[in-house]
Amino acid sequence: MEWVERAKEYATKKIIEQIVSLLKKVDDARLIQMTHLAERLTSDPEVKGSIARIREFIQTDHPAKELFYRVINYLPYKNQVRLFQTLFNNAWFQGGKKRDAFEQEHGYRPPFILILSPTMRCNLRCKGCYTLGYGLKPELEFEVVDRILKECEELGIYFVTILGGEPLLYPHLFTMLERHPDIFFQIYTNGTLMTREKARRFSELGNAAIIISIEGDEKETDEWRGKGVYKKIMKAFDYLREERVIIGTSATVTRQNVEVVSSYEFIDKMIELGSFAQMYFLYIPVNGMADFSLMVTPEQRNHLRKQVIAIRNSRPIFILDFWNDGPYVEGCIAAGRRYMHINANGDIEPCVYTHIAMDNIHNTTIAEALNSPLFRAIRARQPHNPNHLRPCMIIDNPHVMREIIAEVKPYFTHPGADEIYTVKKDQMDEYARRYAELADKVWREEYVNNRPIVDYVPPEERTNVRVCGRM
């Protein structure tokens, strides 16, 4: 059968060469041709379905089509090729085959994404940050990080998100990217330490997207992150844009800023600054200093959901709403179902916001941790709710989290991490109850087969926004 495998490898190589060649001069017909070629690189029905939707976007002039052209017109050709090789070919196609093989042999599947926090050092102390409980000292030695990334490659995990702390303070950040050119890195930064030289280095390497944290306009951002941060962030945008680095933006959504960060004006500003992706993460009270007054109300969370749908229907930017997008991934994705987290102490956590663990990377491997009692217990209960607008075992189904903790007895990964499951559990239950009343009504009225049947568009359909990288 060796000759069969060689023939498959040769065919795959030729398909990749065709796609790379088509990137040299792109139009609608070539984009559609690329989608047909890409379908031949995978047997995964889910991936094939995603490719078919991309093709539909191109054929129907969906705003996503303009997003594709924004990326193509923005990136130099060599970086277009790097993006395809790392994010698409490796993470989706070749990585998918490795994950398939592992699952067939072991009975459980490596995740698509690994979240890695190599350092907790940070030059800011942002209000409400989910990492405050860890302190500022934890940091992984480069030898450990290097081993983690090698394990990722062996398991077929080619999408690695770097968090902190502040990743730009990690002394081996560029060495990571350089030694692992086959991995696509998504690096979240507060932006204040970005320089033109660092931006140029990211561009030269070509295997990273830089996600800048921004909580609204100057007022909201400086109130959350500190006076003068917003102006420094604007310089970071300039440096990255000038060097043609892929830029994304991320907002911690609170009761105070939800209307601002979900507004069309904010999104249009982010597009103008060069963002290709906007991420929304709700404030979750997991840092040992829970402030429930910062959590969005049920009505605000639903407002964000509707705004995200409208933005997707009208703006050339990728949007991720980590909680309201539950219907698209059938609920919780933690514990290795789609992703997992290794913190700067080496603790292997089910989720960035789930500060419990049973294993530490210094004493085990990613593959072994995926099969831990903790991870198995979480996956066995997914989805945690038949209403995928209530996906989370922390804020939507807190009884599930307490049940898992009682069953497998993990350790908490920093002081105070237990408070929302013990002394403040009643407040957590009350939040979940109030949101459930609204979310269950919305689920009955607006969703069929996990997909929205009610659409939302901006009042004026589209605005005249200046677009970085417009076709």
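## Leu374 in helix α16

Leu374 is found in helix α16, which covers residues 373–381. Helices (H or I, at least four residues) and strands (E, at least two) are DSSP runs, numbered from the N terminus. This is a predicted model, in which local features need pLDDT of at least 70 and side-chain atom pairs count only at pLDDT 80 or more, while totals for chains, interfaces and linings use all residues. Residues are numbered from 1 along each chain as its sequence is written, and side-chain values use heavy atoms, with hydrogens and water left out.

The relative accessible area of Leu374 is 0%, so this residue is buried. Buried means under 20% relative accessible area, exposed means over 50%, and partly exposed lies in between (1.4 Å probe, protein chains only). Leaving aside residues up to four places away in sequence, Leu374 touches Pro350, Ile356, Ala357, Met358, Ile404, Val408 and Pro410; contact here means heavy atoms within 4.5 Å. Pro350 stands 24 residues from Leu374 along the chain, and their C-alpha atoms are separated by 8.1 Å.

Ser117 lies in the loop between β1 (113–116) and α6 (142–155). Ser117 is buried, because its relative accessible area is 0%. Its contacts, not counting residues up to four places away in sequence, are Leu140, Leu163, Gly164, His341, Ile342, Asn343 and Ala344.

Gly164 is also joined to Gly165 by a cis peptide bond, with omega about 5°. Gly165 belongs to the loop between β2 (159–162) and α7 (173–179).

## Other backbone features

Most residues other than glycine have a negative phi, and most peptide bonds are trans. A cis peptide bond joins Gln382 and Pro383, where omega is about -5°. Pro383 is placed in the loop between α16 and α17 (398–408).

Glu330, a residue other than glycine, has a positive phi near 60°. Its place is the loop between α14 (326–329) and β8 (339–342), and with 44% relative accessibility Glu330 counts as partly exposed. Asn450 likewise has a positive phi, near 70°. Asn450 is in the loop between β12 (447–448) and β13 (451–452) and counts as buried, at 16% relative accessibility.

The axes of helix α1 (residues 2–22) and helix α5 (residues 77–106) come within 10 Å and cross at roughly 150°. Axes are lines fitted to C-alpha atoms, for helices over the stretch in contact, and angles run from 0 to 180 degrees between N-to-C directions. From α1, Thr12, Ile16, Ile19, Val20 and Ser21 meet Tyr77, Val81, Phe84, Gln85, Asn89, Gln94 and Lys97 of α5.

Helix α4 has twelve residues (63–74), so at 1.5 Å a residue it should span 16 Å; its end C-alpha atoms are 17 Å apart, which agrees. The expected span is 1.5 Å times one less than the number of residues. Ten of the twelve residues in α4 are buried, among them Pro63, Leu67 and Tyr74.

Cys122 is partly exposed, at 24% relative accessibility, whereas Cys126 is buried, with a relative accessible area of 9%.
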